[in-house]
Amino acid sequence: MLRSWEHRFGVRVVGLGHGTLYLSVAAPPTDAHQARVLAAEHYLVCPDVFHEDPDLDWSTYHEELMRLREWRFWWD
């Protein structure tokens with residue numbers, strides 16, 4: 001998945017810690033469909049993000065992805 005994100009969004013690994021991955025995003029998705037697909041990929045890679053962040057709203061997450069320049073994933 002990282003290779004695909006690198007190709008599509010210019011993603012680079014900028015940090016790696018105990019169960020945490022930090023990515024920089026050079027070119028976030030530019031349309032809602034692309035962002036929705038990406039949101040589903042984020043869920044497949046790391047469902048913990050969605051289950052453990054009470055402020056994350058699945059219905060608007062794709063919109064956030066169109067603005068964010070860094071992504072953080074963590075696994076417990």
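## Reading helices, strands and a core

Analyst: A starting point for this predicted model: helix 2 and helix 4 are roughly perpendicular to each other.

User: At what angle do the axes of helix 2 and helix 4 cross?

Analyst: A crossing angle of 65 to 115 degrees counts as roughly perpendicular. The axes of helix 2 and helix 4 cross at roughly 110° and come within 8 Å. The crossing of these two helices is right-handed.

User: Which residues in helix 2 and helix 4 meet?

Analyst: On the helix 2 side they are Ala32, Ala35, Arg36, Leu38, Ala39, Ala40, His42 and Tyr43, and on the helix 4 side Trp58, Tyr61, His62 and Leu65.

User: How do helix 1 and helix 2 pack?

Analyst: Over 145 degrees, an angle counts as roughly antiparallel. Helix 1 and helix 2 pack at about 155°, and their axes are 12 Å apart. Helix 1 is therefore roughly antiparallel to helix 2. Their crossing is left-handed.

User: Which residues of helix 1 and helix 2 meet?

Analyst: Helix 1 brings Trp5, Arg8 and Phe9, while helix 2 brings Gln34, Leu38, Glu41, His42 and Val45.

User: What should I read next in the strands, their order or their pairing?

Analyst: Both. Strands of a sheet pair through backbone hydrogen bonds, either parallel or antiparallel. Here 3 strands form an open sheet in the order 1-2-3, and the pairing is antiparallel. Strand 1 (11-17) and strand 3 are at the edges with a single partner strand each, so one side of each has no neighbour in the sheet. From one strand to the next, the twist averages 20°.

User: How many bridges join strand 1 to strand 2?

Analyst: Strand 1 and strand 2 run antiparallel and are joined by 6 bridges.

User: What lies between strand 1 and strand 2?

Analyst: The two strands form a hairpin with 2 residues between them, and Gly19 in the turn has a positive phi of about 75°. His18 also lies in the loop between these strands. Over 50% relative accessible area is the limit for exposed, so His18 counts as exposed at 84% relative accessibility. Between His18 and Trp75 there are 57 residues in sequence, counted as their separation, and 8.7 Å in space from C-alpha to C-alpha.

User: How many bridges join strand 2 to strand 3?

Analyst: There are 5 bridges between strand 2 and strand 3, which run antiparallel.

User: Which residues have the most contacts inside the largest nonpolar core?

Analyst: That core has 17 residues, and those with the most contacts inside it are Trp5, Phe9, Val11, Leu23, Val49, Trp71 and Phe73. At least two residues of this core come from each of helix 1 (2-9), strand 2 (20-25), helix 2 (32-45), helix 3 (48-52), helix 4 (58-65) and strand 3 (70-74).

User: What is Phe9 in contact with, apart from its neighbours within four places in sequence?

Analyst: Phe9 is in contact with Val25, Ala26, Ala27, Pro28, Pro29, Gln34, Leu38 and Trp71. Of these, Gln34 and Leu38 are in helix 2, among the residues that meet helix 1.

Key
Residues numbered from 1 in each chain as written. Predicted model: local features only at pLDDT ≥ 70, side-chain atom pairs only at ≥ 80, totals over all residues. Heavy atoms only, no water. Core = buried A, V, L, I, M, F, W, Y, C linked by side-chain atoms within 4.5 Å. Buried < 20%, exposed > 50% of the residue type's maximum accessible area, 1.4 Å probe, protein only. Helix = DSSP H or I, 4+ residues; strand = E, 2+ residues; numbered from the N terminus. Contact = heavy atoms within 4.5 Å. Pairing = 2+ DSSP bridges. Axes fitted to C-alpha atoms, helices over the stretch in contact; angles between N-to-C directions. Parallel < 35°, antiparallel > 145°, perpendicular 65-115°, else oblique. Left-handed = near helix turned anticlockwise from the far one by under 90°.
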